[in-house]
Amino acid sequence: MAPLTRLTAAGRMEMRLREDIVSGALPALSTLAGTPALAKRYGVSLVTAQKVLKKLADAGLLIRRNGAPTIIAPCRNRIVGVLLPNMKRKLTLAQSETHYLTVSGILDECNKHDYHMIIINTRDKKLTHEMLYELGVTGLIALYPYGHEELLQCIQSSSVPTVCVNLLTQSDIARYNCLNFDYVSAGKQVWEYFKKRFCKNPAFYLGTQPFREHQHRYWIFEGFKNAAAADGVTIQVINAVECGIAQAQINPEIDSIFFGESSEMEEYCSLYGKDRELFGFFYPSTAGASFAIDYPAIGRKALQCLAENSLPQIGKAELLPLKYMDAISMV
């Protein structure tokens, strides 16, 4: 390489910046000084500094965004964007357990694959192709994006590889790369649990929220109901949408209840005591056995799909297993 004295002013600035980026003196995703400060530091004009920064951005060493500071791109420009549709601005375990734990799994896998993670919250800014380009995102994980049509349309038409975690309708599955929880199979497994305990008159507790086809508990109920029907058993329904569990009429002949939310099972026990076989969903419970979703594992799986270029086939959502947890042994 020619000595620095033989290089143009632009060449000297470019060479020194490249060396600082490659050596780690300017760490990945750190903010570069403003153009005037850089021009003064390297003894070049503002126009020259702008040309150098553009050249390095075109080479993938810098990430430049309109109206935002210039960022040092990570090695090989491998950035995974984690899309949180309209979430609380502060992602904490107490406020958003599902999202927090899933993101923790993504971050853990990022460290293994030398990826850098950027959280994109559509509560703060609308997702656009331009945003993904400016951020240098090379892979996108959309967490629980159901119902955000504009966002989903942007994902569908984007050239950035994307995995959507938990889209609940068949029409969504036909359009996107999906990792879906296998709620139907979980419902079937709960019926097997009740059978082993010789439950003759089971019921499904609908909860205090409207029961809709696109909700997880609908598919849980379908699996539970159909598995029982195959054995000649009709599932009774406890509908507390209007009256709440305290006033819900529970037939004394019912010997077992499947709760779509473990928290509702806890509430039932506090009101009536545990006098029936109970089973809850989503979280471990001291009131009875339950299914719990291993959210960090979901995050790790989503990033593995991107890192290994093994995206689920569009139209055929990959089903994610649900982890059974016994309330006593917590295995």
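Okay, let's start with the parts list: the protein has 11 helices and 14 strands. Before we go on, please keep in mind that this is a predicted model. Of the 331 residues in the protein, 47% are buried. And if you take the contacts between residues at least 6 apart in sequence, 60% of them join residues at least 24 apart.

Let's zoom in on helix α2, which runs over residues 35–42. Which residues of α2 are buried? They are T35, L38, A39 and Y42. Those residues span an arc of only 100 degrees around the axis, and that is why they end up on the same side of α2. On the face turned away from the buried side you find the exposed residues P36, K40 and R41.

So what covers the buried residues of α2? The cover includes α1, residues 9–23, and α3, residues 46–58. And have a look at what comes just after the helix: G43 has a positive phi there, about 65 degrees.

Let's stay with α3 for a moment. When two helices pack, we describe the pair by the angle between their axes and the distance between the axes. For α2 and α3, the axes come within 9 Å and cross at roughly 105 degrees. Angles from 65 to 115 degrees count as roughly perpendicular, so α2 is roughly perpendicular to α3. On the α2 side, T35, P36, L38 and A39 make the contact, and on the α3 side it's L46, A49, Q50 and L53. Sorted by class, that contact has six nonpolar residues, two polar ones and no charged ones.

Next pair: α8, residues 183–196, and α9, residues 216–230. What angle do these helices pack at? About 45 degrees, with the axes 7 Å apart. That angle makes α8 oblique to α9, and the crossing is right-handed. From α8 we have Y183, V184, G187, K188, V190, W191 and F194, and from α9 we have H216, W219, I220, G223, F224, A227 and A228. By class, that contact divides into 10 nonpolar residues, three polar and one charged.

While we're on α9, let me point out R217, which sits in that helix. Is R217 buried or exposed? Its relative accessibility is 6%, so R217 counts as buried. Setting aside its neighbours within four places in sequence, R217 is in contact with F204, Y205, L206, G207, F211, E261 and E264.

Not counting residues up to four places away in sequence, D172 touches Y146, L152, L167 and C178.

Hold on to C178, it comes up again. Q313 is in the loop between α11, residues 295–307, and β13, residues 318–320. Q313 and C178 are 135 residues apart in sequence, and their C-alpha atoms are 8.1 Å apart in space. As for Q313 itself, the relative accessible area is 51%, so it is exposed. The cut-off for exposed is over 50%.

One is Y144, with phi near 50 degrees. Y144 is in the loop between β5, residues 139–143, and α6, residues 149–157. The other is F198, with a positive phi of about 60 degrees. F198 is found in the loop between α8 and β8, residues 202–207. Which of them is buried and which is exposed? Y144 has a relative accessible area of 16%, so it is buried, whereas F198 is exposed, at 65%.

To wrap up, here are two things to look for on your own screen. Then find α8 and α9 and look at their right-handed crossing. That's it from me, thanks!

Terms used: Residues are numbered from 1 along each chain as its sequence is written. This is a predicted model: local features need pLDDT of at least 70, side-chain atom pairs count only at pLDDT 80 or more; totals for chains, interfaces and linings use all residues. Side-chain values use heavy atoms; hydrogens and water are left out. Buried means under 20% relative accessible area, exposed over 50%, partly exposed in between (1.4 Å probe, protein chains only). Helices (H or I, at least four residues) and strands (E, at least two) are DSSP runs, numbered from the N terminus. The arc is that of the directions from the helix axis to the C-beta atoms. Contact means heavy atoms within 4.5 Å. Axes are lines fitted to C-alpha atoms, for helices over the stretch in contact, and angles run from 0 to 180 degrees between N-to-C directions. Angles under 35 degrees count as roughly parallel, over 145 as roughly antiparallel, 65 to 115 as roughly perpendicular and the rest as oblique. A crossing is left-handed if the near helix is turned anticlockwise from the far one by less than a right angle, and right-handed if clockwise. Ala, Val, Leu, Ile, Met, Phe, Trp, Tyr, Cys and Pro count as nonpolar, Asp, Glu, Lys and Arg as charged, and the others, Gly among them, as polar.
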